[in-house]
Amino acid sequence: MSDFVTLRTALSGLMAARAGVDTASHNVANAATPGFTRQRIEQSTLIGGRGMIGSGTQITDISRTREQFLDMRLRSAVDLAHHSNVRSALLSQVEAELGEPSNGISTALSATWSAFEDLSLDPTNTAARQNVLSGLESLTTRIRQLAGGWELLGSQATTELEGAVGQVNELLAEVHSVNSEIRRSGSLTSAPNDLLDRRDLALDRLAELLGATSITHDNGTASVMLGGVSLVHDAGHSPLQLGPGLELLHPSGATLQAGGEVGGRQQFLTVDFPGFQAGLDGFVEELTVSLNTRHADGWYSETDPGGPLLSHSAGAAGLTVQVALADPEQLAVASSPGPPFPVHDGANAEWIAALRNDESTPGSGASLPEAWRAVVTGIGVDTATAARFAHTQTDLAQAAGRTRESAHGVSIDEEMVQLMQYQHAYEAAARVMTTVDGLLDVLINRTGLVGR
Amino acid sequence: MRVTHQTTTTYALQRLQSRLGQLQKSQEQLASGTRIGKPSDDPAAMNKLLTLRSDEASADQAARNASDGLQRTSIADSHLRTLIDRLHRARELAIRAANTSAPSERNAIATEIRTIGEEAAAIANGNSGGRGLFSGHSDGPAVQQVAGVWTYTGDGGQVRRRVGEGDVVTVNVTGDDVFGFAAGRDVFSVLDDLADRIVTADAAGVQTSIAEVDTSMTNILDGLAKLGAATNRIEAGQIRTDDTRLAVQSEISKVESVDIAEAITDLQLHQVAFEATLGALSRSLQPSLTQFLR
C-alpha cells in the first residue's frame, strides 16, 4: 500500500474538518436569521479502500435538520392564531368606538329623556326647550360619530384585506420562482439549503396570511394548496383576487375559503361588521319612529301637532340621522290642542320621556335603552369571545413555534462544540500528514545508507 | 427538548409580554377605579351596569320631579290657607254686621269685605314661576270678572309629577273646584253679595251669605286636603326614590368598582412577577459557551 494513499486519507479528513468548520460558522452567522434551519455535514467513509484498510472520509451531504411534521403543525396553528388575532383586533376597535359605558350612546340617550322630563316640569321655560334640542343634537351627533367611525374602520379593514391578498400573490410568485431555481440547481443530493429556507419562510407566511397548505415533492419543489385548489404548481402560480362581495376568487372562477389573516378580515367584514351596522341602524330607525310618533301625539299650538323630531335617509340610518326640528317653540309639549291651548301642559314631554322605560313601539318587547344595551352587549360578547379564542390560539401557535425552533434553531453552545470537534479533527488530520511525511523521510532520506 | 438560544429568547420575550400585559391591566383598573372599562371586559356586567345607570338617571329625575311637585303643592297650600284666614275674617265681620244697625259701621264692614274679595281674587290668581297655581294648564288668570260676572278662566288641566317608578301624583287643584265655580256658587260672588247685603241691611240675606261663606270654606278645605294628600304621597315617593338611588348606587359600585385592596395586591404581585421575569431573563440570556472558551 502506498504511503501516498495515507496522505490522501489525511487530506480527506482535513477537507471534511474544514467543511465542518465552515458549516458551523454558517450556522453561527445565521443564528438570528428568521426561517434559518441549522445545517450539518453528513460524513461517511470513503468506499474504495483495499482490504481492511479504509481510504478516508467523504462528505455525502450538507443537510438541513428540517422536520416536515413540525412545519405542518406550526402552519396549521398560525393559520388559526392569525385568523383569530386579526378578527379580535378589529372587533376591539369596533368596541372602542362605542365609548360605553361612560361616553356612549347610553349616556346621551339618558340625558335626552331627562331633558324631556325637565321640560315637562316647566313647559314655558325656553332654556328647558333649548336643552331638549341640544340633548337631541348631541345624541344624534354621537350616533353619527359612531357610525362614521365604524364606516372608516370598515374601509380600512377592506384596504388591509386587499393589501393582504396582494402580499399573498407576491408570496405565491416567490414560491413559484424558488421552485424553478430549485429545479434548475439539480438533484436532491445537493439541495440548495438556503433556497429551501427562503421557500419555507414564504410557506410559513402563506399559512399566516391565507391558511394555505403545502406539499414538498421529492425533487425539492413545493406546491401550495388552499381547500384542495392548487395555488402554486409545477407550471406556475394562480394569482388570487377579491370579488365584489370580498370573496376570494381563484383564476378558475372558484371561490376559495380562506383562513389566516385574509379569512379573519373576511369574516369580520362580511359577517360581524354588517351585523353591528344593522344593529345600529335598526336602533336608530326604532329611535326615530318612536320619538316622532310620540311627538306627533302632542301639540305646540291650538292648530299644530308635533312634527318629526328626527330624520334619516333610508339605508344608512346611523350615518345620516339628524334633528329635524329647529325651532324650540315647535316642541309639542302639550297633550291636547285646547282650545284654549294649555300653555303649561307638559304631559306630552312626559309621554316622550316615558320612552326611557316603555316599549319603544307597541309589541317590540324592548325599550330603546334596552335595545341599545342589547347591541352593546352583543358586541361585548363577540369581542370577549374572539379575544379569548385568539389568546388560546396564540399560545398554541407559540408553543408549536418553540417546538419547531428547538428542532430547527441554532444553539450557539452546540456550534461551539462542533467547531472544537472539527478543529481537533483538523489538527489530528494534519498530524497524520506529518506522520506520513516522517515515514517518507525515513524511506527517502535514510534508507539504503549501509556502508556509506 | 433541545433548547437553543433563539427559543430561550423568544420564550422569555413572550413571557415578558404577557407579564407586562397583566401589569398594565391591573394598573389600568387601579387608575380608572373601574373594573369594566369596555363591554368585552365583562359583557353581562356591562349590561347590568348600563341598566343600573339608566335606573339611576330615572331616579334622579324622579327626585327632581318630586321637589318641583312639593314646591307647587306647598305654595298652593299656603295660598289657600291665607284665603281661609281671610274668609274667617269675612265671616266674623258678617256676624258683627248682622248685630249692628249703624250704617257707617256697616259701610266700613262692607268696605273691608270688598277688600277681602279683592284679596281672594289676587290669591286665586297667584302664580309660581309665571304659572297660575289654580288655573290648570292655562296661561291666563284663574278667575276674572267677565261682563261683571266672576268666571273661572283657567282649564281643568291636571299637573302631574312622576315621583317614583309608576307613581304619578296630581299636584294641583283647579280654581274651578276650590273656589266653588263647579258647585255653582263661587267665593268671589259670595263675598260681593255679602258686602252688598250688609250695605242694604238685608239681615236674612246676610245669614244666607254666612252659610255660603261656610260652604266656600268647605270647598277650599277640600282642596287643602287634596294638596295635603299629594304632599304626603310626594314625600313618601321621595323617601322611596332616595332608597332606590342608594340601592342602585351601591349596586353600581358592586358591579363596576375595583376592590382597591385587591387591585393593589394584584398590582404588586404582577410587578414582582414582572421583575422576576426580567431577572431570570438577564441571567438565562447572558451565559454562552463562548465566554468559557479561550
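Mentor: Happy to. Let me start with a term we need at once: two strands pair if DSSP finds at least two bridges between them. Strands themselves (E, at least two residues) and helices (H or I, at least four residues) are DSSP runs, numbered from the N terminus. This is a predicted model, in which local features need pLDDT of at least 70 and side-chain atom pairs count only at pLDDT 80 or more, while totals for chains, interfaces and linings use all residues. Residues are numbered from 1 along each chain as its sequence is written, and chains are lettered from A and ligands numbered from 1 in the order in which they are written.

Let us take chain B, beginning with a pair of its strands. Strand E5 (residues 160-164) of chain B lies antiparallel to strand E6 (residues 167-170) of chain B, with 4 bridges between them. Gly164(B) has Asp167(B) in E6(B) as its bridge partner. The hairpin of E5(B) and E6(B) leaves 2 residues between the strands, and Gly166(B) there has a positive phi near 70°.

Now step back to the whole chain. Chain B contains 7 helices and 6 strands. Starting at the N terminus, the order of elements is α-α-α-β-β-β-β-β-β-α-α-α-α. The radius of gyration, taken over C-alpha atoms, is 38 Å for chain B, well over the 19 Å that the globule rule gives for 294 residues, so chain B is more spread out than a compact globule. That rule is 2.2 Å times the number of residues to the power 0.38. Along the principal axes, the C-alpha atoms of chain B fill a box of roughly 140 × 25 × 25 Å.

Next comes burial. A residue is buried if 20 or more other C-beta atoms lie within 10 Å of its own, exposed if 12 or fewer, and partly exposed in between, with C-beta atoms placed from the backbone. Of the 294 residues of chain B, 37% are buried. Two residues are in contact if their C-beta atoms, placed in that way, lie within 7 Å. Among the contacts in chain B with a separation of 6 or more, 69% join residues 24 or more positions apart.

The buried residues of H3(B) include Arg106(B), Ile109(B), Ala110(B), Ile113(B) and Ile116(B). Seen down the axis, the buried residues of H3(B) fall within an arc of 155°, so they line one face of the helix; the arc is that of the directions from the helix axis to the C-beta atoms. An α-helix has 3.6 residues a turn, so residues three or four places apart point the same way. On the other side of H3(B), Ser104(B) and Glu118(B) are exposed. The cover over the buried residues of H3(B) includes H2, strand E3 (143-146), helix H4 (175-178) and helix H5 (187-199) of chain B.

Among the buried residues of H5(B) are Phe188(B), Leu191(B), Leu194(B) and Ile198(B). H2, H3, E3, strand E4 (149-152) and helix H6 (203-256) of chain B are among the elements that cover the buried residues of H5(B). Just after H5(B), Ala201(B) has a positive phi of about 55°. Most residues other than glycine have a negative phi.

Further along, Ala280(B) sits in helix H7 (residues 260-285) of chain B. Ala280(B) is partly exposed because it has 13 C-beta neighbours inside 10 Å. Although Ala280(B) and Gln22(B) are 258 residues apart along the chain, their C-alpha atoms are separated by 18 Å.

Finally, chain B meets its neighbour. The contact involves 41 residues from chain B and 43 residues from chain A. On the side of chain B that touches chain A, helix H1 (5-32) and helix H2 (43-98) of chain B are the elements that give two or more residues. H2(B) supplies the largest share, 14 residues. By class, that side of chain B has 12 nonpolar, 20 polar and 9 charged residues. Here Ala, Val, Leu, Ile, Met, Phe, Trp, Tyr, Cys and Pro count as nonpolar, Asp, Glu, Lys and Arg as charged, and the others, Gly among them, as polar.
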